[in-house]
Amino acid sequence: MTITTTSLTRAAGVAAIVGGLLFVTVQIRHSNLDLALVTTTEWKVRQTMKVLFASLSLAGITGMYLRQVKQSGVLGLIGYLVFSVGFLAMLGVEVIGLVAVPAIAATSPGYVSDVLAVAVPGGHATGDLGLIQPLISLMGIGFLGGAVLFGIALFRANVLARWASALLAVAALATPAIPLLPQVNFRLFAIPTGVAMAGLGYSLWRDQRTSVTASVPSAVSSQLDPAGA
């Protein structure tokens, strides 16, 4: 099997599509975060989906950035780096949630309750969370800040779908307003982000597919052209 830049870029597009769809799916009928939830099969399934979302999305935005390095400029680089930090921190938080939180739920219920509390926008812990607190903060800043910067950079570059680029930035900008809207389910705010990621992934995949299709007739024509011989 020959590994090419085009095949890797298309794979990154597929990764973004799957990651975005996972992010939307995991929000559907999500139970309230409490001690009873973290020891259930539902928790393991949803946490696994979140781990996959972070991993696949990181691969996806890497392909998006590499596809338009020149067009996105310095803003694209900054946005990509900040967004990547957010996804890496998210990956760490979700892995901890998957493997560590259920294991200590019975022996340290207060600590687990505080971790679940800060997982909700506007939530606050009553005790000391240790180093997981700055990790969660880094995740929030990197994810939201990176989404805004990266979305704007993609929109300006005008290589991938501009509607998805704009949606990514707008969805991230709207997220900090969640604590001001207690009557609204905060998980609804995650859906536009997932849709934007899936849309950008499809745009990246389609862009590479179009490039390959266009290059095949060109190569055949050059071989048949007597002047080229």
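**Close-up views of a predicted model**

**View 1. Contacts of T193.** T193 touches F23, F143, L168 and A171, leaving aside residues up to four places away in sequence; contact means heavy atoms within 4.5 Å. T193 lies in helix α8. Helices are DSSP runs (H or I, at least four residues), numbered from the N terminus. T193 is buried, at 6% relative accessible area. Buried means under 20% relative accessible area, exposed over 50%, and partly exposed in between (1.4 Å probe, protein chains only).

This is a predicted model: local features need pLDDT of at least 70, side-chain atom pairs count only at pLDDT 80 or more, and totals for chains, interfaces and linings use all residues. Residues are numbered from 1 along each chain as its sequence is written, and side-chain values use heavy atoms, with hydrogens and water left out.

**View 2. The E42 and R46 salt bridge.** A salt bridge is a side-chain nitrogen of Lys or Arg within 4 Å of a carboxyl oxygen of Asp or Glu. The count by this rule is 2 salt bridges. E42 and R46 form one, at 2.8 Å from N to O. Both sit in helix α2 (residues 41-67), 4 residues apart, so about one helical turn separates them. E42 is partly exposed, with 28% relative accessibility. R46 is buried, at 12%.

**View 3. The R67 and D207 salt bridge.** Here the side chains of R67 and D207 meet, 2.6 Å from N to O. R67 belongs to helix α2 and D207 to helix α8 (residues 190-224), so the pair ties together parts 140 residues apart in sequence. R67 is partly exposed, at 27% relative accessible area. D207 is buried, at 17%.

Methods. Helix = DSSP H or I, 4+ residues; strand = E, 2+ residues; numbered from the N terminus.
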